[in-house]
Structures are given as C-alpha cells and as structure tokens.
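I opened my notebook to get to know a new model. Here is what I looked up, entry by entry.

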Amino acid sequence: MSPRHTPSLLGPLARARFQKAGVLTSLALVVAGGLVTPAAAAARAVSERPAATPRTGDNCKPHKPHQSREGAEAYTGKDKCKGATGATGPKGATGAKGATGATGPAGATGATGPTGPSGENGTPGATGATGPTGPVGPCVEIDASQDSNDFELRAALTPPVMGGPARTYAGIRDLTTMTPDPFKWTDLTTHDGYPQNACGISIAQHAQGNQVEGDLRIDVITTTGAIYETTCAVVTSNRTLNCANNPWKLVTLQPTPGAVNGGV
C-alpha cells in the first residue's frame with residue numbers, strides 16, 4: 001500500500017520562501033557547530049538548492065504561477081526570453097577640479113656647515129721701480145743780527161724771479177726813532193761771483209762804532225754745499241749799508257767729510 005500524498009496548502013511562491021528559510025537555518029547551524037567554514041557552508045547550501053526548469057515557449061509568460069523566483073534568477077544568464085542589450089549611455093561630464101590644499105609648514109633650517117680652512121697668504125708683489133728725483137724746491141731763508149741798540153740787520157734769500165737764481169738781500173733798520181723805521185734793502189744778487197745755486201743764507205756783524213769797511217758779512221751756501229761770502233759797511237750816521245760792488249768769494253777752507261779743524 002503506497003503512502004498517501006497530501007497536497008500542500010501553500011502556493012509555489014510560499015513554498016520557495018519556506019525552502020530558502022530552511023536552507024539558511026541549516027547553514028547557520030552547520031557554521032555554529034564548527035563543522036565547516038562559512039564559505040564551504042555557503043557553497044553546500046547553493047548546491048543543495050533545487051534546479052529550476054528553464055522557461056521556454058509559453059513558460060516565458062510572466063504570469064505563470066508555477067515559476068519560482070529562484071528559478072528565474074538562476075537562469076537569468078541563459079534566459080531565451082531576455083531582450084537585446086541596450087546601447088551604452090553617454091559618458092558623464094568631468095567633475096569640477098577640487099580646491100588646492102593649504103601650503104604645508106616650512107621645514108626646519110638645516111645645520112650650518114663647518115668653516116673651511118683659511119687660504120694661504122699670497123706671494124708679496126715685486127717692489128716698484130724708484131721714480132726719478134724731483135726738482136729741488138725753491139730756496140727761501142732769512143737771518144738776523146743786532147749788536148747795537150741803534151739798528152738791526154737782516155739777510156734774506158728769496159725764490160727765483162723769471163727762472164733766474166734765488167736772490168740775496170742785506171737789510172738794515174734804524175731803532176733810534178720813537179718807532180722803528182722800515183727796513184732798507186740792498187740786492188747782492190748782481191755782485192760779481194754770485195753763485196747761481198745759492199740756497200741758504202746767514203748774516204754776521206763784527207764791528208761797531210763809526211763806518212768800518214767790511215764790518216758786516218753775508219754768507220750763502222749752494223745746493224752742492226759750497227760756501228760763498230761778501231761784505232758790506234754799516235753807515236752809522238744815517239743807518240744805511242754801503243755794499244759797493246764787493247764780489248762774492250769762496251771761503252777758505254770749504255767743509256769736507258771727516259774734517260777736524262780743516263777742510264779743502
């Protein structure tokens with residue numbers, strides 16, 4: 001006697017949901033029991049799912065009540081009822097450029113490197129050549145003498161005039177008046193034997209009283225060291241000089257290096 005089959009009171013959709021719930025419950029129990037891994041349990045659940053009958057012909061009609069949702073999903077890739085694939089939609093517009101990010105903080109300053117060694121001293125340059133000796137500067141000098149309260153004497157050497165030699169003068173001034181008289185000068189440059197390179201001068205008085213020939217001497221020294229002299233007489237009556245045309249002469253002796261009470 002065959003067992004009696006009692007038809008289910010649930011429709012096809014309800015039965016499919018019931019089966020799906022049973023599979024998920026079984027899967028959860030298996031994983032919880034530690035019998036298999038979750039991935040293996042999921043694979044087993046899928047393999048145990050009943051295969052759905054492909055929908056062909058009249059079965060393509062969506063109103064067929066016996067076609068389960070699981071069966072439709074299982075055969076989506078091979079469904080002969082599926083229409084042609086639609087054209088690819090246009091590419092969307094490029095999005096706006098994002099704002100520039102803030103500048104990051106400056107990095108720390110690196111350490112200062114060590115100071116390099118000092119360079120060697122350069123070689124001293126050669127000594128320059130000695131330049132030519134410049135011309136002798138103008139010879140200018142003055143000397144004075146006063147051995148009497150009645151007058152005073154001067155000797156002056158002045159710069160050249162119009163390219164000639166330095167000029168030599170002898171002078172006297174009267175002191176017997178309430179105020180000193182002006183100097184009275186006599187040019188000795190034109191006297192015979194006057195040295196053209198005279199550069200220093202002196203004056204000396206060696207007699208007093210009435211006029212005495214040669215009581216006044218004027219000496220000059222040249223740029224080469226030679227000494228010349230001439231004489232004048234003091235006229236005490238009117239405080240003047242009488243130098244006539246007394247010539248210039250080299251003194252005897254001339255100074256010489258190393259001399260002791262001698263000369264040349």
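**Entry: confidence.** I began with pLDDT, the predictor's confidence in each residue, from 0 to 100. The chain has a mean pLDDT of 77, and 64% of its residues reach 70 or more. I noted that the pLDDT is below 50 over residues 23-33, a stretch with 8 contacts in the model beyond near neighbours in sequence (contact means heavy atoms within 4.5 Å). Residues 45-53 also have a pLDDT below 50, and that stretch has 7 contacts beyond near neighbours in sequence.

**Entry: ground rules.** This is a predicted model, in which local features need pLDDT of at least 70 and side-chain atom pairs count only at pLDDT 80 or more, while totals for chains, interfaces and linings use all residues. I also wrote down that residues are numbered from 1 along each chain as its sequence is written, and that side-chain values use heavy atoms, with hydrogens and water left out.

**Entry: strands.** I used DSSP runs numbered from the N terminus: helices are H or I of at least four residues, strands E of at least two. Two strands pair if DSSP finds at least two bridges between them. I found β2 (residues 151-158) running antiparallel to β3 (residues 167-174), joined by 8 bridges. Here T158 stands opposite R167. On to β4 (residues 184-187), which is antiparallel to β3 and joined to it by 4 bridges; A170 faces T186 there, standing opposite it.

**Entry: R154.** Is R154 buried or exposed? I read 18% relative accessibility, so R154 counts as buried (buried is under 20% relative accessible area, exposed over 50%, partly exposed in between, with a 1.4 Å probe and protein chains only). R154 sits in strand β2. Leaving aside neighbours within four places in sequence, its contacts include Y169, F183, W185 and I203.

**Entry: disulfides.** How many disulfides does the structure hold? I found 2, taking a disulfide as a pair of cysteine sulfur atoms within 2.5 Å.

C139 and C199 form one, with sulfur atoms 1.7 Å apart, and -75° about the S-S bond makes the link left-handed. C139 lies in the loop between α3 (69-74) and β1 (141-145) and C199 in strand β5 (residues 198-205), so the pair ties together parts 60 residues apart in sequence. C139 is buried at 9% relative accessibility, whereas C199 is partly exposed at 25%.

C232 and C243 form another, sulfur atoms 1.8 Å apart; with 105° about the S-S bond, this link is right-handed. C232 lies in strand β7 (residues 227-235) and C243 in the loop between β8 (240-242) and β9 (249-250), so the pair ties together parts 11 residues apart in sequence. Both cysteines, C232 and C243, are buried.
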